[in-house]
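Dear colleague,

I am passing this structure on to you, and I would be grateful if you could look through it alongside the notes below.

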Amino acid sequence: MNTVLQMIYDNYTGEDRELLIRAYRYAEQAHSGQKRASGEAYFIHPCAVAQILIELGLDSATVAAAFLHDVIEDTPVTEEDIRRDFGDEVLLLVSGVTKLDKIVFKSREEEEAENFRKIFVAMAKDIRVIIIKLADRLHNMRSLNFLSKERQIKMAQETLDIYTPLAGRLGISQIKCELEDLCLKYLEPEAYEYLVENIHQKLYERHNFVDFVVKEIKNILEESNIEGEVFGRPKHFYSIYKKMKTQNKTLDQIYDLTAVRVIVNTVDECYEVFGKIHKRWKPIPGRIKDYIATPKANMYQSLHTTVVTNFGQPFEIQIRTFEMHRTAEFGIAAHWKYKEKKAEDSAFTERLSWIREVLDWEGGLKDSKEFMQSLKTELYSNELLVFTPKGKVISLPKDATPIDFAYAIHSEVGNRCTGARVNSKIVPLDSTLQTGDVVEILTSTNSKGPSWDWLKIVKSSSARAKIKQFFKREMKEENVKLGKSMLEAEAKHRGYALSDILTEESFAKVAEKFSFSSQDEMFASVGYGAITVNQVLFRLIDFYRKEVPKPVIYRGETSSDSSGVIVKGMSGLLTRFAGCCNPVPGDEIVGFVSRGRGVVIHRADCPNVKTLEAEKGRILPAEWAAGGSGRFVAGIVIKAKDQGVALSVLTSVVSDMRLMITGVTNIRLNGKEDIDLLIKKIRADERITEVFRTATK
């Protein structure tokens, strides 16, 4: 911790230094007495996060927020306290990385998804939020060995899925590479240990070879009167592991364990050195990449080439300017580390454009888990570079279509798209684009807008969201009708009437989850595909089952001589069937004379009848009348190792017998023969462990 204080004194002055010392002392006091899983003082963690950010060159407000990033969540300190003592800017950053509380989630997965959605929205307001979060995750990964194996694997997988590609999109390679290596350590420990043991030996063996290449390139610079730096840098373990996996090679077959980097002053010098290296050694076709002319989505720029040296070994060389090198190493953080001038703010803004795009389509996703899945797709998606007819580079997901391209240009271009030309040839809208394609979109003012089928064609989350937004905005009435119809149809399929399960109370539960202001908004959201039918219907049914009292199921309140049941010794009384055992024709039955409610018909083996033995005088023999007709409800219980199996078997058998399910355990039947056959068929499935009628056990 004293190291951090020394770094503050070395890197900050005046008010900035004073702010950081106060934040340090404040967090130290707030976390006093708290311990980490390692048994160390908890304050070690915010200090480590702050140290990572100081090394990246972040401003004082960001580093102060790093010291304070856990105090709201883990101590009695409130947001008002932070605002009063450190101001609105620091509070914005601290609250941006603070997890959601005071909200009850149905699952841990949903909670984590919503937390990250909150962080991402805050990140769109201020990019420093995610830089703090990346530093926080990096230190947590460094100390992951103190957690259980299950938590190690879970956190490592989440880091690999979300945080490493985020660091990559922000261009912070220092954090990205270390996170990837740490993820490999816990997700593939045997592979990691193998690489640790063997790579250093391989690097030692090739040390002289790398020195030779570096010396040769330095000679090229000297002969050309170009000032620059040349050095070899070992590739990180995860990149080597990926190459071994994707190319199915052993470590001995991977020659470019080290990349040689050439750093010069100007772009012209990059291309001059590039050409002279190719004159010195033969380049390998297909391994030449010009990221200066077409930068990556994170604004990474460099010339890459792999050449075959005098020793017959392939070797990768990267050539860039000093400014490009800063961006490659520090990414978005270079804006603060090197205090870039206002004139360069346009480049900084361009680096963040993809975040604003994500924020645009994020608003159209009601479900946090859907947001997470879309974000993962977006983070890994930018693998395809295509061009507009005027030469502008557009970055798209792998296998993207002209529709994706159209929406990447502008929403209105996508909405009015009627066709496309790729390399001057008309192509179908579902064609797959290739890197280097020149794409022209044909539009028409008479276009009625996108087709629903486009949602199945597009590959980018942004295009999908923009299509849904069109349907939401332009087809509200149609969406309301369609959504309501879809819900009614699915409810009926599941044995419910939508009018029964959609009440003010049940809608309030759905509205609380998805922020609907009216039922029409809910119907429209289903209609244009923002949420699925089942996302709404399952919540309505769940509320109905738990909150709505289940009515006693009657065959009818009629006189005994017309009810289909004969109660011996009685006439003229109303009869009804007991909801506890649901007798059906073929069951042995008895009647119970209730006070003021006529005769209640029970199955003879109903447990409730046995509890009435003290009132035997009110229990009367009964039998089914000949020629009775109608449908009856019976309750059964099915036990299986998996609930999904039980439902699958039940619905299959019920469909085969042409019966109807009216509830979770209720099936409408013609008589006891139906029940016996139904149970027999279900029991025949080896995955079912037990089947019985309710009230018989």
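What follows is a short account of what was found, going from the whole chain to single residues.

The structure is a predicted model, in which local features need pLDDT of at least 70 and side-chain atom pairs count only at pLDDT 80 or more, while totals for chains, interfaces and linings use all residues. Residues are numbered from 1 along each chain as its sequence is written, and side-chain values use heavy atoms, with hydrogens and water left out.

Overall picture

The protein has 31 helices and 21 strands, where helices (H or I, at least four residues) and strands (E, at least two) are DSSP runs numbered from the N terminus. Of its 697 residues, 48% are buried, a term that stands for under 20% relative accessible area, with exposed meaning over 50% and partly exposed what lies in between (1.4 Å probe, protein chains only). Among contacts with a separation of 6 or more, 65% are between residues 24 or more positions apart, contact being heavy atoms within 4.5 Å.

Nonpolar cores

In soluble globular proteins, nonpolar side chains tend to be buried together. A nonpolar core here is a set of buried Ala, Val, Leu, Ile, Met, Phe, Trp, Tyr and Cys residues joined through side-chain atoms within 4.5 Å. The largest one has 79 residues, and Leu53, Leu56 and Phe67 touch the most other members. Helix H8 (residues 128–142) gives the most to this core, namely eight residues. Apart from this core lies another, of 46 residues, which includes Leu384, Ala406, Ile531 and Val536. If neighbours within four places in sequence are left aside, Phe67 is in contact with Val4, Ile8, Leu20, Ala23, Tyr24, Ala27, Pro46, Cys47 and Ala50.

Valine 49, in helix H3 (residues 44–56), is buried, with a relative accessible area of 0%. Beyond residues up to four places away in sequence, valine 49 touches Ala66, His69, Ile132, Ala135, Asp136 and His139.

Helices

Two packed helices are described by the angle between their axes and the distance between the axes. Helix H2 (residues 14–30) and helix H6 (residues 79–97) pack at an angle of about 150 degrees, with their axes 11 Å apart; the axes are lines fitted to C-alpha atoms, for helices over the stretch in contact, and angles run from 0 to 180 degrees between N-to-C directions. H2 and H6 are therefore roughly antiparallel to each other, since angles under 35 degrees count as roughly parallel, over 145 as roughly antiparallel, 65 to 115 as roughly perpendicular and the rest as oblique. Leu19, Arg22, Ala23 and Tyr26 of H2 meet Asp81, Ile82, Asp85 and Phe86 of H6 in this contact.

Helix H20 (residues 402–409) is largely enclosed by the rest of the structure, because six of its eight residues are buried. The buried residues in H20 are Pro402, Ile403, Asp404, Phe405, Ala406 and Tyr407.

Glutamine 318 is found in strand S6 (residues 314–321) and is buried, with a relative accessible area of 6%. Its side chain is joined to that of arginine 261 by a polar contact of 2.9 Å and to that of arginine 320 by one of 3.0 Å. A polar contact is a pair of N or O atoms within 3.5 Å; within protein, one must be able to donate a hydrogen and the other to accept it, and residues adjacent in sequence count only if both atoms are side-chain atoms.

Serine 302 is found in the loop between strand S4 (289–290) and strand S5 (303–308), and at 0% relative accessibility serine 302 counts as buried. The side chains of serine 302 and arginine 320 are also joined by a polar contact, of 3.4 Å. Setting aside residues up to four places away in sequence, serine 302 touches Gln318, Ile319 and Arg320, among others.

Positive phi values

Most residues other than glycine have a negative phi. Asparagine 225, which is not a glycine, has a positive phi of about 55 degrees; asparagine 225 lies in the loop between helix H12 (207–223) and strand S1 (228–234) and is exposed, with a relative accessible area of 72%. Serine 424 also has a positive phi, near 75 degrees, and lies in the loop between strand S9 (417–422) and strand S10 (425–427), where serine 424 counts as exposed at 68% relative accessibility.

With best wishes
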